[in-house]
Amino acid sequence: MNEVIFSAYLTELGSKDGSSGGGSSAAYIGAMSASLARMVADIQKDKKKYADQKDKLVYLLKESQRIRESFEDLAKADALAFKPVLDAYKLPKETLEEQGLRDAAIEQALKTAVEPPRTMLDEGLSLIRVLEELTSMRMKGTIVNDLMVATLFMESVLETAVLNVTINTKLMKDNNLKNQLEKEAKKNLVQGKQRLKKLSDSISFFLEHNKWPEYQTEEE
């Protein structure tokens with residue numbers, strides 16, 4: 001996203017038409033976090049110190065790039081996802097037949113709209129795994145600060161994704177699906193926040209003491 005495009009997005013985000021909102025913003029933050037992870041892997045992969053781990057760093061670079069592109073797609077998908085819901089609510093409801101068609105349209109639109117934030121949670125957990133792998137390499141220098149920023153970004157991404165799941169599920173009539181989706185989202189959020197806490201504690205220790213703590217930073 002160049003400067004002109006980014007400025008245009010911010011203008012759109014701040015406009016009253018509401019086509020872009022918190023969901024697309026969180027997705028772009030996720031893309032930024034993935035880009036930071038990619039940068040770290042790219043910088044380190046050619047260093048002699050990590051010669052024996054170059055294949056791993058190349059994989060993490062490619063995975064970060066994949067996740068970044070996925071988040072960019074999700075930003076666009078989320079911006080478009082809720083309009084069909086709003087359109088469905090505008091359908092006529094004068095007769096029983098119209099009410100039935102309207103209810104079915106709303107339910108289907110909600111099922112579609114919940115998918116971008118669900119995928120955002122999945123990709124968020126994938127990126128956390130990349131950050132865990134990078135942190136487990138116990139890098140040194142100011143580049144560790146970029147790992148910390150990427151980690152801090154991800155908590156907001158996960159929290160926002162869960163908010164956007166529940167925005168849709170609370171309007172659903174299908175209670176079984178509603179409960180399933182909410183349970184899944186909350187489980188992913190709890191797991192993600194636990195892993196992010198472990199990451200941020202480890203990185204904070206390094207930034208304060210210029211050495212890594214003795215406990216493992218990667219997911220056990």
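**Ground rules.** I number residues from 1 along each chain as its sequence is written, and I work with side-chain values that use heavy atoms, with hydrogens and water left out. Because the model is predicted, local features need pLDDT of at least 70 and side-chain atom pairs count only at pLDDT 80 or more, while totals for chains, interfaces and linings use all residues.

**Salt bridges.** I looked up the salt bridges (a side-chain nitrogen of Lys or Arg within 4 Å of a carboxyl oxygen of Asp or Glu) and found that the structure holds 18. In one of them, Arg38 pairs with Asp42 at 3.7 Å, N to O; the two are four residues apart in helix 2 (residues 22-44), and therefore about one helical turn separates them. For helices I rely on DSSP runs (H or I, at least four residues), numbered from the N terminus. Arg38 is partly exposed at 27% relative accessible area, and Asp42 is partly exposed at 29%, where buried means under 20%, exposed over 50%, and partly exposed in between (1.4 Å probe, protein chains only).

I then turned to Glu133 and Lys56, whose side chains meet in a salt bridge of 3.0 Å, N to O. Glu133 lies in helix 6 and Lys56 in helix 3 (residues 54-81), so this pair ties together parts that are 77 residues apart in sequence. Glu133 counts as buried at 17% relative accessibility, whereas Lys56 is partly exposed at 27%.

A further salt bridge joins Glu182 to Lys178, with the closest N and O atoms 3.6 Å apart, and both residues are buried.

**Helix 6.** Since 15 of the 21 residues are buried, helix 6 is largely enclosed by the rest of the structure.

**Lys111.** I placed Lys111 in helix 5 (residues 96-113) and recorded it as partly exposed at 32% relative accessibility. Leaving aside residues up to four places away in sequence, Lys111 touches Met172 and Leu177, contact meaning heavy atoms within 4.5 Å.
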